[in-house]
Amino acid sequence: MSQPAQAPHNPLLDKLHPYPFERLRALTKDIKPNPALKAISLGIGEPKHPAPALIGEALMASLQSLSAYPPTAGDPALRSAISGWLQRRYGLAVDAATQILPVNGSREALFALAQTVIDPTRPGATVVCPNPFYQIYEGAALLAGAQTAFANSDPARNFAADWSQIDAATWARTQLLYVCSPGNPTGAVMPLSEWQQLFELSDKYGFVIASDECYSEIYFRDEPPLSGLEAAAKLGRGDFRNLIAFTSLSKRSNVPGLRSGFVAGDAALIKKFLLYRTYHGSAMSPIVQAASIAAWGDEQHVIDNRAQYRAKFAQVTPVLAEVLDVALPDASFYLWAAVPGGDDVDYALRLLAQYNVAVLPGSLLARPAHGVNPGAGRIRMALVAEVDECLEAAHRIVEFTRSYCPPPPSSSASL
């Protein structure tokens, strides 16, 4: 009897790399952490501060709205609330009807935009990403039929991406550029001069800029991070041509489970993105829209949340700096630390085994490019738990590091 025919699948799926946490699970599957110590995870960037009560109250008050299909473009009241927040936060006049779309968190929108703007029939279709990077950028590019090019972070510039590593021939093939400011995992914030450089490249070569700004409200300097939209307005680009910014409530308001954010920018791109999303079936639930209106309209809970992070980082960073090369970032809730000996995977695995503290090896967040893996030798620590737990983890890391003996380079486990 002949074998049944194999069901088809999208061959582009075979190009996807395992997610960093899948790779880490594979590396740690045989590790039995020290049972005498409570497990502490600094690995996943999932906010742990309490969600503001006003969001839950808005959810409960709007349950009756579940009886209606929500429009993909979002309720006008939500788009108006987002427009108002952009005005208060950045001083921007953004048209709520044509330049804003609510999305189910920035992650799905970052992925979906690539499917909207990439033309895989053009030879060498390319998406440029910072490196290290949020893995959705790469997956979105590959499943859109494009190839990726990487701009490595530069330690001399507070780990900002070095866009000069992308040559003119690559820029000429580029259709989409992902930027992340404040950056994940480094926390670096792009200044106006860097935005100007990227806008000039976009004008010359015609690519779209996707600005991932989900960490914009957690910062440690007096001056808040610059939005790509704000930079465009300052440079006389009030139409936001070829620019889409992505913002989320997940970090700002401690509601990652709400799955709520928005995109804003070039009206022509927003129109095409809305068309794609209409078929994609990605309308935001009415109760999530109601909760989002409440969240975007309140700033006090954001100020309080930022104060908690500032106090936490002020206590934890000096402790870790006793033994690690680490400094306060510009923004975000990560510390990006160099480890002794430069083997980030070995360091992370032994820290987990001996002290039951989980961190993410930096090499898993990056790809080898320009002769190096720019995440190698570093670990990402997400200070998302309450301060006492983060301090306990920091003291364990100090104790571990003082006794840590790095393996010789030939036996490195780094990927």
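Two strands are taken as paired if DSSP finds at least two bridges between them. On that basis, this predicted model has an open sheet of three strands, laid out in the order β10-β13-β12 with antiparallel pairing. β10 (334-338) and β12 sit at the edges with a single partner strand each, so one side of each is left without a neighbour in the sheet. The β12 and β13 pairing is antiparallel and runs over two bridges, and here P361 stands opposite I379 of β13. As for what holds such an arrangement together, strands of a sheet pair through backbone hydrogen bonds.

Between β12 (360-361) and β13 (378-382) comes a loop, and S363 lies in it.

Now for the helices. Helix α12 (residues 300-321) lies across β10 and β13, and its direction is at about 10° to β10. Elsewhere in the chain, helix α13 (residues 344-355) packs with helix α14 (residues 387-403) at an angle of about 110°, and the two axes are 10 Å apart. That makes α13 and α14 roughly perpendicular to each other, and their crossing is right-handed. On the α13 side, the contact is made by Y347, R350, L351, Q354 and Y355, while α14 brings in R396, I397, E399, F400 and T401. Sorted by class, the contact of α13 with α14 comes out at five nonpolar, two polar and three charged residues.

Note on methods: Residues are numbered from 1 along each chain as its sequence is written. This is a predicted model: local features need pLDDT of at least 70, side-chain atom pairs count only at pLDDT 80 or more; totals for chains, interfaces and linings use all residues. Side-chain values use heavy atoms; hydrogens and water are left out. Helices (H or I, at least four residues) and strands (E, at least two) are DSSP runs, numbered from the N terminus. Contact means heavy atoms within 4.5 Å. Axes are lines fitted to C-alpha atoms, for helices over the stretch in contact, and angles run from 0 to 180 degrees between N-to-C directions. Angles under 35 degrees count as roughly parallel, over 145 as roughly antiparallel, 65 to 115 as roughly perpendicular and the rest as oblique. A crossing is left-handed if the near helix is turned anticlockwise from the far one by less than a right angle, and right-handed if clockwise. Ala, Val, Leu, Ile, Met, Phe, Trp, Tyr, Cys and Pro count as nonpolar, Asp, Glu, Lys and Arg as charged, and the others, Gly among them, as polar.
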